[in-house]
Structure formats: C-alpha cells, structure tokens
There are 2 protein chains.
Amino acid sequence: MKVITVLGLTGSGKTTVIEGIISELKKRGYTVGSIKQIHNENFKMDTEGKNTWRHRQAGADTVTARSHQETDILYPGELPIYEVLSHYSEDFVIMEGVRDAVVPEIITCKEEELPVISPLTIAISGRYANNKDKEYKGLPVINGTLENKHLVDLIISKTPVLMPDIDPKCCSKCGYDCRTFLSKLLKEEVKQDDCVLRKGGISLRINGDEIPMVPFVENILKNEILGVVKELKGYKNNSNIEIKFLSD
Amino acid sequence: MKVITVLGLTGSGKTTVIEGIISELKKRGYTVGSIKQIHNENFKMDTEGKNTWRHRQAGADTVTARSHQETDILYPGELPIYEVLSHYSEDFVIMEGVRDAVVPEIITCKEEELPVISPLTIAISGRYANNKDKEYKGLPVINGTLENKHLVDLIISKTPVLMPDIDPKCCSKCGYDCRTFLSKLLKEEVKQDDCVLRKGGISLRINGDEIPMVPFVENILKNEILGVVKELKGYKNNSNIEIKFLSD
C-alpha cells in the first residue's frame, strides 16, 4: 500500500488536487482510499436524532451504521494514523491535511504565498500552480487538475510502500529515524530494503526468549506461515501477523 | 466481548430499548459499542459537498474523516458482520436489526402484535412490554426503560463471549452448527468450552484482530511452524511459541 499526504492551508486547493489524483489513479485501475483530517472542533459526522446518534448519546463508544450501500464505523476520539491506515487495503491512500505520518508530501498554497516545503515534499500543487514557474527550489510545480496525469506519474514513481514510524529508541538499525530515512529514500540515497523492518524481520520467541535466525531460516518460516495465513479471511498485504501457541 | 441483537419492526421500540441497555451498562462501568442495521436504500452518512464526500465522488473506496472528537471510517458496501465486529474491542456490543450473527436476541413488537421469537431469544421488550403479561412462551417480558436494570442483569448472565459462525461443513466438532450450539448454550445443555474454537489452541492475529480458524486449518498452521521451529536451538516440548512479523 502506498500512502501520500497533501498539505496546505484552507483555500489553497488541497481537495481539488486530491480529486484529480484519485480520479486518475482509479482510471488506471488502482483501488484508492482517502483520509481527511478535520480541524473543526464541532465536527460530528452523524445527524442529531438518528438511531445511531441516539446510541452514542446513550453512551456507546464505537457506533456503526451498516447498510447495503456503505458501512460506517464511528470511533470516539482521534485514532492514531497508523491504526486508521491498518483498516485500509487499497493500493493507494491519499490523505488530506494529515501531518503525523511518515509519507511523501504534496504541498499546496495560494498563488501569492510561498510553499512550506519539507525534506518529504515531492511536489508543489494547488492554486500555486496557477503561477508560471514550473519549479520551486528544485521541486516540480504541477497543476492538480490539468496535469493530474503528470502528478500521478510522479506519485507512482516516488512513493515507497508505506513505511513504519518507529521511535528511534526502539529501532534505528538503518542509522536514521524513520523520517530521515524516508527523506534519503526520496533522494535515492538509500533503498527501501535498507529498512530492517521492511525487510520482513520475523521475531520468534520460545518461552519468551528471542531466538535469532539466519535470513535463510527466517524466510522459510515466514513463507510457511504466509502459505496458510494468506488463504484466511482478514488477511491483506502489509499486515502485522502475530501467532501464539503452546507446543505439544 | 459479549454481543446481542435487538430485533423488531419499525416503531416497535428497538432504539428505546437499546438506549436503556447502553446507559445501564455504561453506569456499571462497561465499555459499550453499537451497530445499527439500516434498510433505507438511499442511506448516506456523509453530507453532499463536504471534502470527504468529494473524495468519494472522485472514486475513493474507503474514506475516513478524522478529527479530535471522532474518527469515522466509511467503507463502501455492506461489510460482513463478523468483520465489523472485529473492529470492536468493547466489553459489550448492542446491535439493532442485525440478523446475520449468531448471538442472543431480544425481540420487540407493538402491544397488539405477537413476538416472533427464535431459539436464540432471551427476552421480549419494546412496546409489547406495555402489556400486563410478564412472560411470553416461557420468556421474560421486560420494559426496556423502567426495568432496564433487570434487562441488563439478564443480558450479562445469559450472553456468552462472542462465538464464531462457521459453516458446519468446515466445523461441527461439537456435534451441532453454531446456531444450534448457542441455542443449547442458552438452555444450559452445553458449555461454551464444548466449542473447540473457543478452547483456544493457536491464536492468530492480523493487524491486532483475532482471526478464528477451524481445527483443520489450526493444525496445518501449527504443524508448519513446528516443522521449522523444532530444528532451532532453544526449542523444547511444551514451549510457548510467539511469532511476529510484517507481511509484504
């Protein structure tokens, strides 16, 4: 699964850019999900008086509305972004205004403003692309509607499979924190396989003790397990697999 | 997690009963989720013109609205009920109008109607409870608002931990299909541990969600893993095996 985020202030053209990206990805046959970060403090998806609304008022935490057309699961509070993403199995997820994930960024701003770029920025778009310049500080400036094919080509070529965002105290085996690693990956200074977690490190504990395995044995064990698990309902790519049992 | 469903026609008092159950469970300190089955063919949770609505119109499949107050994940189509339930971690889930799960049922109907009970029915409620009779065909008739404490006592004592609903072709080790097993459990003719799937064995989690397996598949997975693990230093019989990894 590949994930990007589009960042910019209100009125800078984020949603329009995202519409262009989603419709072009869909045209090319990809499955696409989206996530919108909402800053309105009074935001409520549900409608006052509906049965689901009455459930929540009575005290229900998670509430679902399930119909033939759609299934809507309403969680209380703000779920961590990687938890939200774990519910997706689409080829691409396009996020709007989400800042707490380590993913490539497309920056939007108004014509007269200066784009606020970061080491994770791969392009500038939104209303700024109405200007004549086709480049800003070495980054391409792309019109999200008229040039959405070009923008999608760039997204497909630049975006790596979703990477973890691990506390550097727990893992910096590649030599960097995850954000720095992604910025280096975008500059092609490292390869995605240099991330040990992406490599598919498998952890095996016997009675609580970590058992080291050479990559050859790791791969055998992983492939054996995936051979079975992939056939089960609930499995999707990029899943965290956890198995526990007591041996005879 | 314990799950029940409240069934009855429109206007029979389902939502009022559920409000009584949820608020009483919350008073007692439980976490509670709810699921509402919606039959309206034009149902849409989102509002025309909103950014999330524009994402969906552009072709997005799963769409999330994420704010400080709530995180709403909108899936296209009707998710299987056990998939919906796998997203819950509450102590209790109260379902309204959901008929495709093997769980105890509370039946509601109007005063002048006859309750349509099944072997999974544990109580009659809704407007029917305005009648004088406190029993119908051996089942308690309970007012969901005035007597919600009594109704919740009954739910807590009767409802088993959520059971699977497996095709009897794949598993009928207890001698029954899952629906018959639950009806016998409600009559105390069997125990929950008579269900081989409940007994435990191997636990498989994908992205944190427990994946139920029939014994046949459990054994394949366990034997595949042991085939490799038994060859490693550190293995002995009766060991706790724990494996974690991220799939590609």
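Modeller: Two strands are said to pair if DSSP finds at least two bridges between them. The model discussed here is predicted. In chain B, strand 1 (residues 2-7) and strand 6 pair in the parallel sense, with 3 bridges. Within this pairing, B:Glu105 of strand 6 is the bridge partner of B:Thr5. Strand 6 of chain B also pairs with strand 7 (residues 121-125) of chain B, again in the parallel sense, over 4 bridges. Here B:Glu105 has B:Thr121 of strand 7 as its bridge partner.

The side chains of the strand deserve attention next. In a regular strand, side chains alternate between the two faces of the sheet. In strand 6 (residues 105-108) of chain B, B:Glu105 and B:Ile107 point one way, while B:Ile106 and B:Thr108 point the other way. All of these residues are buried.

Another strand of chain B takes part in an aromatic pair. The structure holds 4 aromatic pairs over all chains. One of them joins B:Tyr30 and B:Phe92 in an edge-to-face arrangement, with 5.0 Å centre to centre and 80 degrees between the planes. B:Phe92 belongs to strand 5 (residues 92-96) of chain B, and B:Tyr30 to the loop between helix 1 (14-27) and strand 2 (32-37) of chain B, so the pair ties together parts that are 62 residues apart in sequence. B:Phe92 counts as buried because its relative accessibility is 4%, whereas B:Tyr30, at 28% relative accessibility, counts as partly exposed.

Notes. Residues are numbered from 1 along each chain as its sequence is written. Chains are lettered from A and ligands numbered from 1 in the order in which they are written. This is a predicted model: local features need pLDDT of at least 70, side-chain atom pairs count only at pLDDT 80 or more; totals for chains, interfaces and linings use all residues. Side-chain values use heavy atoms; hydrogens and water are left out. Buried means under 20% relative accessible area, exposed over 50%, partly exposed in between (1.4 Å probe, protein chains only). Helices (H or I, at least four residues) and strands (E, at least two) are DSSP runs, numbered from the N terminus. Rings of Phe, Tyr and Trp (its six-membered ring) pair if their centres lie within 6.5 Å; planes under 30 degrees apart count as stacked, over 60 as edge-to-face and the rest as tilted.
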